[in-house]
Amino acid sequence: PLNDLEAIGYIPAKCDCAHPPCPNPDVAGNISGLGVRLLVFILDYYITTGFASAMRDEQAKMSASILAAESIAACLASFDLRGAEESLEACGSGLPAELHRSLQTLLANLESYRPFLPSELFESDGAGPGGPALVSPAAYSPDERSIPGLTNPWVALVFTDIRRSTALWEHSTGTAMQEALAQHDTIMRATLSKCQGYEVKTVGDAFMVAFDSACDAVAFGGAVQTSLGTEVEWPEGLTRPGLDDGFGVFSVRIGVHCGEVTAQRNVLTRRYDYFGQTVNRTARVEPCGAPWAVTVTQEVMREIGDCIGSFVVIAYQSEVSGKGLRDGLWLTALLPKALASQEAAIRAAVLLIEQERGAVPHEN
């Protein structure tokens, strides 16, 4: 303002000249300093504002990139390729050009590999982008409807494992352990077929199998233990002195539990797997199992009723702790009557398991 310039002496307070006011020579230095300060202020403002604006633009692009990546990853994790493409299209110009091209290339490659990828990757259950591609019960084939846990979430699960398998691999000679494992697997699968069970998966030498009936699950376990204990001649390289710990050179633990599960097909193996608390508890039963016996939970005992007629019943006298479980396990060892001569040894084994597994004394 004019008054401000007069105040600093740039325009004389009194001037009789006919021409416009002239700068006061005495304050020429002052105006130079003011101009520099004003220029610095202007430059600082535009630099700061421009940098902040650029940073906001970059942050917006980064946020868009992260959201796009998360959305696309979620879609692909649930096998929803169409949803991934829609997520990319929705992000549009908000993504850096290079990232946009990379994601487009990724999805285009998946499309080109369609004939070689599981069909679930290109199917949707109608839940929309990112929704799980679970199979509707009505879509099950006649063969699939017989698989436990699909049309009815209740199943009886069996976990098996070879005792001391690491030691057997280490100390057996030649191909003895390979031959023994082949015999074991043959018996498992032949018995599973007879008992109408479903092989979920194997992990090493351990089997996970499922049944619609607890009686069938227990019958499977009993038949496996009987075959392994009475019908198999193990390779010579497995019968070395020192490998028999009192329960034979080759024995198996079998644990059985029952309850509701969530079934979902594995896109790689094409077989159904099970998830939930029932699976977790079954996995904790097997390590507490006695050799030659079928070790079951209270829930299984309530289901099988008269099915235990072919077993010697050896009840655990205390609650056994299971890793990660909030409460303990009340277990019963069912020894096939064909192996009844081993009852004393199995009772001793049960007592040892109770002592090792943090047993809680039973209160009558």
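Among contacts in the chain between residues at least 6 apart in sequence, what share joins residues at least 24 apart?

**View 1. The whole chain, in a predicted model.** The share is 71%, with a contact meaning heavy atoms within 4.5 Å. The secondary structure comes to 10 helices and 11 strands; these are DSSP runs numbered from the N terminus, helices being H or I with at least four residues and strands E with at least two. Of the 364 residues, 38% count as buried (under 20% relative accessible area, with exposed over 50% and partly exposed in between; 1.4 Å probe, protein chains only). About 20500 Å² of the chain is accessible surface, and 56% of that belongs to carbon and sulfur atoms (Shrake-Rupley method, 1.4 Å probe; for residues, only the protein chains shown count as cover).

**View 2. Zooming in on the disulfide between Cys215 and Cys307.** The count here is one disulfide, taking a pair of cysteine sulfur atoms within 2.5 Å as the rule. S to S comes to 1.9 Å. The torsion about the S-S bond is about 85 degrees, so this disulfide is right-handed. Cys215 sits in helix H7 (residues 214-230), while Cys307 is in the loop between helix H9 (298-304) and strand S8 (311-315), so the pair ties together parts 92 residues apart in sequence.

View 3. Cys195 is buried at 14%, and Cys258 is buried at 6%.

**Notes.** Residues are numbered from 1 along each chain as its sequence is written, and side-chain values use heavy atoms, leaving out hydrogens and water. In this predicted model, local features need pLDDT of at least 70 and side-chain atom pairs count only at pLDDT 80 or more, while totals for chains, interfaces and linings use all residues.
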